[in-house]
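The tour begins with the whole chain and ends at the ligand.

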Amino acid sequence: MLTFYLNSLENTQAIAFELARVLLPGSILWLSGNLGSGKTTFVQGLGKGLGIEGEITSPTFSLIDEHLHGRIPLYHIDLYRLEPEQVQSLHLFSYWQGSDFPLGIVAIEWAERMNHQLPPHLKICLSPLFNQFSDLASKQEESRQIQFIPSENAEHQYQAAIAHLASNFSHFS
Ligand SMILES: Nc1ncnc2c1ncn2[C@@H]1O[C@H](COP(=O)(O)OP(=O)(O)O)[C@@H](O)[C@H]1O
Ligand SMILES: [Mg+2]
């Protein structure tokens with residue numbers, strides 16, 4: 001597990017940018033954290049790292065946004081509005097099987113809504129940090145803790161990406 005402490009949205013996006021440069025097609029990212037914690041913001045950074053042009057917005061209503069014009073495809077999924085039974089009808093497995101769609105990076109917000117387990121994946125947990133002793137009130141709003149936790153059986157798959165982040169962003173640890 002890798003943990004960073006960030007004090008701006010630019011830092012969050014810089015980490016996502018760098019992660020996108022080293023992730024392989026077939027990677028599955030579970031973005032975890034409350035509303036407003038920065039999950040979509042993180043995916044915007046991933047998009048930049050993949051060379052995707054144009055704005056990445058929240059797929060809360062579209063459910064799945066397919067960004068196909070970057071270095072590798074980015075499938076951005078938001079399950080917030082769904083019940084677990086509805087998630088099944090989306091056939092999300094087609095995004096990581098590589099048969100119906102070219103393999104890419106699958107980034108899922110609110111994967112908590114799935115009642116079946118995700119295949120081996122990298123969980124990315126975002127949460128606000130409140131520093132009651134700080135007098136920089138405006139900066140506090142931008143403070144986040146971010147953790148990278150490979151699922152069981154995925155330690156090896158994401159080892160290089162996590163090591164890359166750890167060495168590039170040691171000043172955030
Ligand atoms: N360090 C940070 N990382 C990510 N987002 C931040 C940060 N600081 C402030 N923000 C703001 O928090 C909000 C996060 O919104 P969003 O990414 O849509 O969250 P979520 O997808 O988790 O609901 C945005 O308005 C963003 O500008
Ligand atoms: Mg979101």
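**From the fold to the ligand shell**

Colour the protein by secondary structure: six helices and seven strands make up the fold. Helices (H or I, at least four residues) and strands (E, at least two) are DSSP runs, numbered from the N terminus. Traced from the N terminus, the elements follow the order β-α-β-α-β-β-α-α-β-β-α-β-α. The radius of gyration, taken over C-alpha atoms, is 16 Å, close to the 16 Å from the globule rule (2.2 Å times the number of residues to the power 0.38) for 173 residues, so the protein is as compact as a globular protein of that length.

This is a predicted model, in which local features need pLDDT of at least 70 and side-chain atom pairs count only at pLDDT 80 or more, while totals for chains, interfaces and linings use all residues. Residues are numbered from 1 along each chain as its sequence is written, and chains are lettered from A and ligands numbered from 1 in the order in which they are written.

Next, display the C-alpha trace, which spans about 50 × 35 × 30 Å along its principal axes. Of the 173 residues, 33% count as buried, that is, with 20 or more other C-beta atoms, placed from the backbone, within 10 Å of their own.

Methods. A residue is buried if 20 or more other C-beta atoms lie within 10 Å of its own, exposed if 12 or fewer, and partly exposed in between; C-beta atoms are placed from the backbone.
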